[in-house]
Amino acid sequence: MASLYQSLKEEAFEANMQIPAQHLAIYTWGNVSAFNPDLGVFAIKPSGVPYPELTVDSMVVVDLEGNKVEGSLNPSSDTLTHCVLYKKWAVEGKAKIGGIVHTHSTFAVSWAQAVRPIPLFGTTHADHIQTSVPCTPYISKEALKRNYELETGNLIVKHFADEELNPSETTMVLVAGHGPFTWGSNAAKAVYNAAVLEECAKMAAFTVSINPAATTLPDYIIDKHYMRKHGPNAYYGQPGK
């Protein structure tokens, strides 16, 4: 008999397998979760299991308090970060977030280690978000001692509030010294955003290496590129897609 959470675990599994496929992490690094708001649970990668060993059945289902609902393995060590983002944004904030990704992709992590937002230098970046990719400050010693993973989620949420950023529009963040988190309407879209973030991070790194005085893209070009894909009169792509 199929599990009540079978389709959710399949979504999480397929999205997790895209992490190595898109060269976003190696070994056991990184994780993806898939959220079902009606059931109030998400499926996430098990902790410390190499990607080639993953199966649909190895996905772990947890509730928004981090309690295991289904699965024989321990969930990702980042589970409580996912819990906070789903609770604060998808449930309380009504944002359409159905998937969250954490990776250790090289260029995005490099910006996080430099504790620098990724400037919006070009139209590739502007096609996806209208802001720089935000970077949080370092987590405090006190917060780390309380609960590292939960407080990492709180740090992200607070930074978005402080910077007046909308998580429905700015779908990615760098955690200082740690690495990127991205999200999307489903797990596959969250992985897509993780891949986009890594490419934008790489392009920005090359940009500053070629011209340290490079300036950000003018607002009118940013607006044009973002709105033609995401605005009310968007015309990028095919109808109904």
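Predicted model: local features only at pLDDT ≥ 70, side-chain atom pairs only at ≥ 80, totals over all residues.
The protein chain contains seven helices and seven strands. Read from the N terminus, these elements follow the order α-β-β-β-β-α-β-α-α-α-β-β-α-α. The radius of gyration is 18 Å, close to the 18 Å that the globule rule gives for 241 residues, so the chain is as compact as a globular protein of that length. Along the principal axes, the C-alpha atoms occupy a box of roughly 55 × 50 × 35 Å.

Of the 241 residues, 46% are buried. Among contacts with a separation of 6 or more, 62% are made by residues 24 or more positions apart. The accessible surface amounts to about 12100 Å², and carbon and sulfur atoms contribute 53% of this area.

Strand β1 pairs with two other strands. With strand β5 (residues 99–102), β1 forms an antiparallel pairing over four bridges, in which Ala34 stands opposite Gly99 of β5. Strand β2 (residues 41–44) also runs antiparallel to β1 and is joined to it by four bridges; here Ser33 stands opposite Ile44 of β2. Strands β1 and β2 form a hairpin with four residues between the strands, where Gly40 takes a positive phi near 70°.

Conventions: Residues numbered from 1 in each chain as written. Heavy atoms only, no water. Rg over C-alpha atoms; globule rule 2.2 N^0.38 Å. Buried < 20%, exposed > 50% of the residue type's maximum accessible area, 1.4 Å probe, protein only. Contact = heavy atoms within 4.5 Å. Areas by Shrake-Rupley, 256 points an atom, 1.4 Å probe, with all protein chains shown as cover. Pairing = 2+ DSSP bridges.
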